[in-house]
Amino acid sequence: MAEIYAISDDMLMPENLALQYTREILECGVKFFQFRSKKEPKNEKIASEIFNLCEKFGARFIVNDDISFAARIGAKSVHLGKDDASIKEAYEILGNDSYVGVSCYDSLDLAIKAKQNGASYVAFGAMFKSPTKPNAPLCSHEAVLQAKKLGACVCVIGGINASNISNVARLKPDMIAIISAIYKDGMIKRNLENLQRNLSL
């Protein structure tokens, strides 16, 4: 069964609630957590505390976009988009044992290239219209199926919630990344329980 991959958000996870929310997410058994902040400078103290919490719970802490920020706080996992640094650069800075995910949007070609360059996983989306990125183009289910045939570790993202998670689960991705549906109404545990229950339908 696919793993739920939780992603933080500057608006949905305010700094004063960041540790509480993260702990609740991890207590629900989530093993992948991405620190995604568009603030400059990013809050290094909070990121480090979240990283430590993830370590305590045996979850992988992944930094979005920023390899140098990950290096500063000692994290060895990053997620890269099309305008970010290369996979090669991530391994050079964070070490050969680091973990590097890559956004492939709706492109099987990008996924093939990423896999050839040593990506730990390839991410496809948006699967549905996303409240976090409303202008993101939608990804075809076929792209995900083809990436699975390549033997790639596949993550899906974008607009996934309790009512549609079973649809994407049928594509057999390795990870299902979720933002908004986790934080809805601040009811983290209830939301994750609903997601996990519907994921297994």
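Ala, Val, Leu, Ile, Met, Phe, Trp, Tyr, Cys and Pro count as nonpolar, Asp, Glu, Lys and Arg as charged, and the others, Gly among them, as polar. By these classes, six nonpolar, three polar and five charged residues line the largest cavity. The structure is a predicted model.

**Cavity**
- Searching the whole structure gives one cavity of 30 Å³ or more.
- The space in the largest cavity is about 120 Å³.
- Its lining is made up of 14 residues, and those closest to the centre are Asp10, Met13, Glu15, Phe35 and Ile46.

**Largest pocket**
- The volume of the largest pocket is about 660 Å³.
- It is lined by 36 residues, with Arg36, Ser103, Lys133, Ile157 and Ile179 the closest to its centre.
- Two or more lining residues come from each of strand 1 (3-7), strand 5 (99-105), strand 6 (121-124), strand 7 (154-157), strand 8 (175-178) and helix 8 (180-183).
- Strand 5 gives the largest share of this lining, three residues.
- The lining of the largest pocket contains 17 nonpolar, 12 polar and seven charged residues.

**Second largest pocket**
- The second largest pocket has about 260 Å³ of volume.
- Its lining has 15 residues, and Gly81, Ile87, Val102, Leu110 and Lys113 lie nearest the centre.
- At least two lining residues are supplied by each of helix 4 (87-94), strand 5 and helix 5 (108-116).
- Seven nonpolar, four polar and four charged residues form the lining of the second largest pocket.

How values were computed:
Residues numbered from 1 in each chain as written. Predicted model: local features only at pLDDT ≥ 70, side-chain atom pairs only at ≥ 80, totals over all residues. Heavy atoms only, no water. 1 Å grid on protein atoms, 1.4 Å probe; cavity = no way out; pocket = protein on both sides within 12 Å on 5 of 7 lines; lining within 4 Å. Points joined across faces, edges and corners; volume = space filled by probe spheres on them. Helix = DSSP H or I, 4+ residues; strand = E, 2+ residues; numbered from the N terminus.
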